[in-house]
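Trainee: I would like to learn how to read a model like this one. Could we go from the overall fold down to single residues?

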Amino acid sequence: MAEGLKMFHARHEGKNNKIIPIAEIGPEDRTELLCQYCNAKITWVDSYKRSGRTVLSYLRLRPNAEHAEKCKNRVKSAIENLVAHSQNVEYDKQIFDNNNAGFIFRMNVLIDATFDLSKSKKLYEEEKDPIEKERKRTSYRQIENKLADYFNSATGIAKIRAKIEESSDKKALSKMVKIQINKKEVSWNDFLYDEDRYPILFNKAEKIKHPVAIALTVKSASELILKSKKPFFTLKGEACHVDIEKNLKDYYSPVLNTQYENILDDLNPNDEIIIVGTLKTKTKTNHFMHITYKNLIFWIKNKKQFTKIDTCL
Ligand SMILES: [Zn+2]
């Protein structure tokens, strides 16, 4: 099959080449769809369940169709586009490095900025002098914006990987983009986990010291939890179900928590999202139902830590 990412927008040949999102594509439109960026013919794939999680409907190339060489729905162009967007001359460190062989996603830049932010938050909160406090507040906001950009790049690269269907494309991506933490390589499999690999992620969570990315389908919108020392908002993703033995099941359930109001407000049931963050785990058994819930928990502090899969960048 030809190279290309999963798509969520199309141009409609019969409707003046209007670009339409997948939610507005009716059954009668499905034979007349073209790639949003080039003239490749594309087709509809129905939503389906995979390991208990809903994979949304999407669009893919028709058999024998091919994207134009520079089309943004090709893996190479999508990566180049993201890297170009991620460069900011005002930043002392760039999250993507370009060497002769390809790009390096420098995860330590993300980790360092996360650390810098909590340090500068503390300095700002503890400052008593009003003028100094204002200066420290500005510095804190600057680091917060920079970190948001870094997260945007991290979720962006994970999203490109999550939109790939073909193994040849997966190979091309891992050749083109290497992930590094202080010059040590991290494999793509150790960075991005889809629902099939929630159990693997859960089992090695304690050993993982760096941020990871997961794909998640929202099960229920966020709700406020008041019965904790500090109230917080929580959102649940669809679980990956694993039968252990007869009448005994493990549910690997992704959870997003945050103490920041409004941060999860745009997420609704059936949204498919990619999250980048530090993982925590928790186990809870429901003896009556014979289910063990193995929660994969991400505490979200920044809105750019997640992105919907059906958006472009
Ligand atoms: Zn195209």
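**From fold to residue**

Mentor: Start with the inventory. The protein has six helices and 20 strands. Keep in mind that this is a predicted model.

Trainee: How is the protein divided into domains?

Mentor: The domain assignment gives three entries: domain 1 (9-72), domain 2 (81-175) and domain 3 (193-308).

Trainee: What separates the centres of domain 1 and domain 3?

Mentor: Taken over C-alpha atoms, the centres are 30 Å apart. The two domains do touch: six residues of domain 1 are in contact with nine residues of domain 3. On the domain 1 side, the touching residues are one nonpolar, three polar and two charged.

Trainee: Next, overall shape. What radius of gyration does the protein have, and what would a compact globule have?

Mentor: Compare the value with the globule rule. For 313 residues a compact globule would have a radius of gyration near 20 Å, and the protein has 21 Å, so the two agree. Along the principal axes, the C-alpha trace spans about 65 × 60 × 40 Å.

Trainee: What share of the residues is buried?

Mentor: Buried residues make up 32% of the 313. Look at contact range too. Of the contacts with a separation of 6 or more, 61% join residues 24 or more positions apart.

Trainee: In which sense do β8 and β9 pair?

Mentor: β8 and β9 (residues 102-106) pair in the antiparallel sense, over four bridges.

Trainee: Take lysine 236. In which strand does it lie?

Mentor: Lysine 236 lies in β14 (residues 232-237). For burial, count C-beta atoms within 10 Å: 20 or more is buried, 12 or fewer is exposed. Lysine 236 has 18 others in that range, so it is partly exposed.

Trainee: Which residues does lysine 236 touch?

Mentor: Leaving out residues up to four places away in sequence, lysine 236 touches Lys219, Ser220, Ser253 and Val255.

Trainee: Is glutamate 69 buried or exposed?

Mentor: Glutamate 69 is exposed, because 9 other C-beta atoms lie within 10 Å. Glutamate 69 sits in the loop between β7 (58-61) and α1 (75-86). Glutamate 69 and cysteine 38 are 31 residues apart in sequence, yet 9.2 Å apart in space, C-alpha to C-alpha.

Trainee: Last, backbone angles. What is phi of asparagine 16?

Mentor: Look for positive phi in residues other than glycine. Asparagine 16 has phi near 55 degrees. Asparagine 16 is in the loop between β1 (9-12) and β2 (18-21). With 7 other C-beta atoms within 10 Å, asparagine 16 is exposed.

Trainee: And where is asparagine 262 found?

Mentor: Asparagine 262 is in the loop between β16 (248-258) and β17 (272-277). Phi of asparagine 262 is near 75 degrees, again a positive value. Asparagine 262 counts as exposed, with 10 C-beta neighbours inside 10 Å.

Notes. Residues are numbered from 1 along each chain as its sequence is written. This is a predicted model: local features need pLDDT of at least 70, side-chain atom pairs count only at pLDDT 80 or more; totals for chains, interfaces and linings use all residues. Domain bounds come from an automatic or database domain assignment. Two residues are in contact if their C-beta atoms, placed from the backbone, lie within 7 Å. Ala, Val, Leu, Ile, Met, Phe, Trp, Tyr, Cys and Pro count as nonpolar, Asp, Glu, Lys and Arg as charged, and the others, Gly among them, as polar. Helices (H or I, at least four residues) and strands (E, at least two) are DSSP runs, numbered from the N terminus. The radius of gyration is taken over C-alpha atoms; the globule rule is 2.2 Å times the number of residues to the power 0.38. Two strands pair if DSSP finds at least two bridges between them.
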